[in-house]
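The following exercises concern side-chain contacts. Please work through each task before reading its solution.

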Amino acid sequence: MKQLFISNLPPATSEDSLRAMLSEYGTVRSMKLVRDIFSGQCKGFAVVGMEGHEAKEVINQLDGKEVDGRLLKVKYELKDGRRRRR
């Protein structure tokens with residue numbers, strides 16, 4: 001399983017809306033959508049687990065895609081917390 005780091009998400013993003021967007025490319029195995037503790041709104045990023053070939057397709061299709069006026073950034077999350085494009 002690969003971990004994806006998805007950033008520049010709109011504040012109104014929910015787990016359900018993110019899962020719906022990603023499920024077009026495969027099965028979401030895990031998800032952590034980071035929220036503001038006071039407002040409950042998305043802080044703009046999430047870490048998502050998907051199978052390798054599915055994760056690669058998400059990067060190919062969604063990196064740079066506009067969602068609610070924001071350009072998504074999708075990268076692999078490395079084990080040491082760094083991120084890489086492919």
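Is F45 buried, partly exposed or exposed? At 30% relative accessibility, F45 counts as partly exposed; buried means under 20% relative accessible area, exposed over 50%, and partly exposed in between (1.4 Å probe, protein chains only).

The model is predicted: local features need pLDDT of at least 70, side-chain atom pairs count only at pLDDT 80 or more, and totals for chains, interfaces and linings use all residues. Residues are numbered from 1 along each chain as its sequence is written, and side-chain values use heavy atoms, with hydrogens and water left out.

**Exercise 1.** Classify the aromatic pair of F5 and F45.

Step 1. Rings of Phe, Tyr and Trp (its six-membered ring) pair if their centres lie within 6.5 Å; planes under 30 degrees apart are stacked, over 60 edge-to-face, and the rest tilted.
Step 2. The count by this rule is one aromatic pair. F5 and F45 lie 5.8 Å centre to centre with 35° between the planes, hence a tilted pair.
Step 3. F5 belongs to strand β1 (residues 2-7) and F45 to strand β3, so the pair ties together parts 40 residues apart in sequence. Strands (E, at least two residues) and helices (H or I, at least four) are DSSP runs, numbered from the N terminus.
Step 4. F5 is buried, at a relative accessible area of 13%.

**Exercise 2.** Describe the salt bridge of R35 with E15.

Step 1. A salt bridge requires a side-chain nitrogen of Lys or Arg within 4 Å of a carboxyl oxygen of Asp or Glu.
Step 2. In R35 and E15, the closest N and O atoms are 3.0 Å apart.
Step 3. R35 lies in strand β2 (residues 30-35) and E15 in helix α1 (residues 15-23), so parts 20 residues apart in sequence are tied together.
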